[in-house]
Amino acid sequence: MFKSITKGFIALASIIVLSACGQNGTAEDSETKSNGNGLAEQQELSVSVPASITSIDTIQTTDKNTFTIIQHLYEGLYRLDEDSNPVPGLAAEEAEISEDGRTYTFTLRDDAKWSNGEPITAHDFVYSWTKLANPETAAPNAYLLDSVVNGLEVRTGEKAPEELGVEALSDTEFQVELVEPLPSFLTLISVVWLAPQNETYVEEQADSYAASSENAIYSGPFVLSNWTQGEETWTLEKNDEYYAADEVKLTKIDFNTIKEDQTGINLFNAGELDLTKITGQYVAQYQDNEGLVSHNDIANTFIDFNKEEGTPLANEHLRKAIAHSINKENLVNTVLNDGSVALNGLIPNNLYRNPETDVDFREYSGEYLTYDVEKAQEEWNLAKEDLGDSIELSLLVAEDYTNTQTAEYVQSQIQETLDGVTVTVNKQPKNNVNQTRADSNYDMSISGWIAGDNNLGYYFILYENGSAYNYGNYQNEKFNQLVTDAKTVNANDVNQQFEDYKQAETILLEEDAAQVPLYQGASNYLINPKVKGIQYHLYGDYFHFRTAYLTE
């Protein structure tokens with residue numbers, strides 16, 4: 001078992017000499033005792049993450065780092081298995097689906113309980129889903145229920161929250177009515193944003209709900225302790241009330257926020273961490289280390305523009321000039337060098353394949369805004385007719401290594417290609433970046449988006465009218481109509497749906513240059529080889545410890 005990190009040791013660890021590539025100081029340094037069945041006697045881990053938790057309220061969660069933590073704390077009707085397939089979670093069995101694919105009826109497990117021992121009921125799902133859709137909640141993920149009858153109308157204030165198409169038929173039966181069939185619906189509800197909430201408990205806590213680990217109850221395999229808002233360390237402990245507690249081997253996981261890769265690596269090599277994320281040059285350096293684990297993410301990183309009227313980036317020629325000035329292949333192969341791949345579209349590779357043709361959407365739609373210095377300079381000359389010969393822009397970015405390296409590279413590419421354009425990199429803590437973008441208080445930002453499931457529409461939501469994530473004030477009615485058609489009238493015609501989304505992507509990128517796709521990321525970790533059974537889901541989280549265990 002690896003020891004827990006003490007705050008004093010973190011400072012000391014920063015001066016530890018980095019172990020040579022290919023050597024692993026973890027297996028020999030850890031002391032584990034056997035319980036006779038191949039498992040370590042103490043099932044405890046120490047893990048680092050690059051940012052702290054932003055919220056433990058499932059309805060308010062947005063970033064993947066936070067999702068990773070709360071996916072351990074809450075479970076919904078379904079969950080993702082080791083292959084990222086949806087399987088019954090709090091539901092006792094597979095959902096009963098109507099012939100037209102629009103009505104889902106779920107029966108809850110008899111032994112589904114909150115961490116305080118109270119039963120989880122269908123009413124808890126009605127409460128949380130209605131709360132999510134209610135515009136008074138200001139939930140950023142409320143759009144996820146647009147596929148439910150009256151979901152869009154409730155979210156936009158046209159109908160009352162109680163008109164949402166969900167119903168508790170009894171304490172153990174929960175029914176959902178969809179506007180149109182949605183093949184990805186079971187995957188959607190497997191991610192934590194549609195987990196239940198207990199109305200009585202939440203209302204009793206009032207403004208204190210989810211403000212700390214002591215002001216929440218949990219439905220997942222673990223409970224949270226030692227956390228308050230802004231805290232950089234916390235602990236997950238096994239939830240004994242979880243219906244499948246016998247399948248959960250780990251009893252305790254200590255989490256520490258470590259922003260510098262070098263510090264995490266030093267602690268890992270010193271036997272103080274069981275898992276730490278690495279980026280950049282460290283990935284190549286540790287290629288031969290038995291503890292290196294790498295996964296391609298279904299996620300994209302891009303430049304987002306604030307296109308507010310009257311600002312320089314309202315000029316589409318400037319946006320196109322910036323878009324064509326960036327050599328993405330050089331970015332991923334030389335600067336990042338961590339398994340990321342260049343991306344020239346809104347939708348990442350391998351998100352969704354047409355089930356009739358087996359063609360991936362990225363391949364079908366093609367490439368947009370590719371690197372082209374001549375085109376970039378042509379567009380800049382057109383932009384100068386309105387903007388003058390010189391402008392200054394700020395590039396907002398989270399202060400972690402990968403985002404900072406990306407921003408500095410983008411800065412140099414723009415300034416070297418577009419004479420007269422000056423870019424200042426504005427580094428902020430990740431949580432601050434999210435708020436700054438939500439306030440539309442930026443010129444450009446390095447941003448990212450993760451797949452909640454394999455629904456193509458959940459990437460286009462970034463630029464739809466009325467979306468909580470349309471931070472850059474993008475407006476295009478034809479784009480909106482195509483996206484709406486793809487989700488509604490063409491929902492059952494996958495070929496036409498693909499074409500709708502392709503046309504929408506063409507408008508968004510090629511015609512309007514509303515964003516600049518940069519790359520599709522990869523996640524790399526150093527993990528104690530004695531830790532087995534970690535799950536790496538395509539959607540929602542980076543890793544999951546539900547079935548993980550520590551061997552001798």
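This is a predicted model: local features need pLDDT of at least 70, side-chain atom pairs count only at pLDDT 80 or more; totals for chains, interfaces and linings use all residues.

Trainee: What makes the charged end of K277 count as sitting over the ring of Y542?

Mentor: The rule asks for NZ of Lys or CZ of Arg within 6 Å of the ring centre and within 35 degrees of the ring normal. The charged end of K277 is 4.0 Å from the centre of the Y542 ring.

Mentor: Residues are numbered from 1 along each chain as its sequence is written, and side-chain values use heavy atoms, with hydrogens and water left out.

Trainee: Why is the pair of W129 and F174 called edge-to-face?

Mentor: Rings of Phe, Tyr and Trp (its six-membered ring) pair if their centres lie within 6.5 Å; planes under 30 degrees apart are stacked, over 60 edge-to-face, the rest tilted. W129 and F174 are 5.1 Å apart, centre to centre, with 85° between the planes. Therefore the pair is edge-to-face.

Trainee: Where do W129 and F174 lie in the chain?

Mentor: W129 is in helix α4 (residues 122–133) and F174 in strand β7 (residues 173–177), 45 residues apart. Helices (H or I, at least four residues) and strands (E, at least two) are DSSP runs, numbered from the N terminus. Both W129 and F174 are buried, meaning under 20% relative accessible area, with exposed over 50% and partly exposed in between (1.4 Å probe, protein chains only).

Trainee: What makes the pair of W234 and F255 stacked?

Mentor: The planes of W234 and F255 are 10° apart, and the centres 5.9 Å. W234 lies in strand β9 (residues 233–238) and F255 in strand β10 (residues 252–257), so the pair ties together parts 21 residues apart in sequence. Both W234 and F255 are buried.

Trainee: How many aromatic pairs are there by this rule?

Mentor: The count comes to 27. W129 and F174 also belong to one aromatic cluster with Y78, Y104, F106, F125 and F185.
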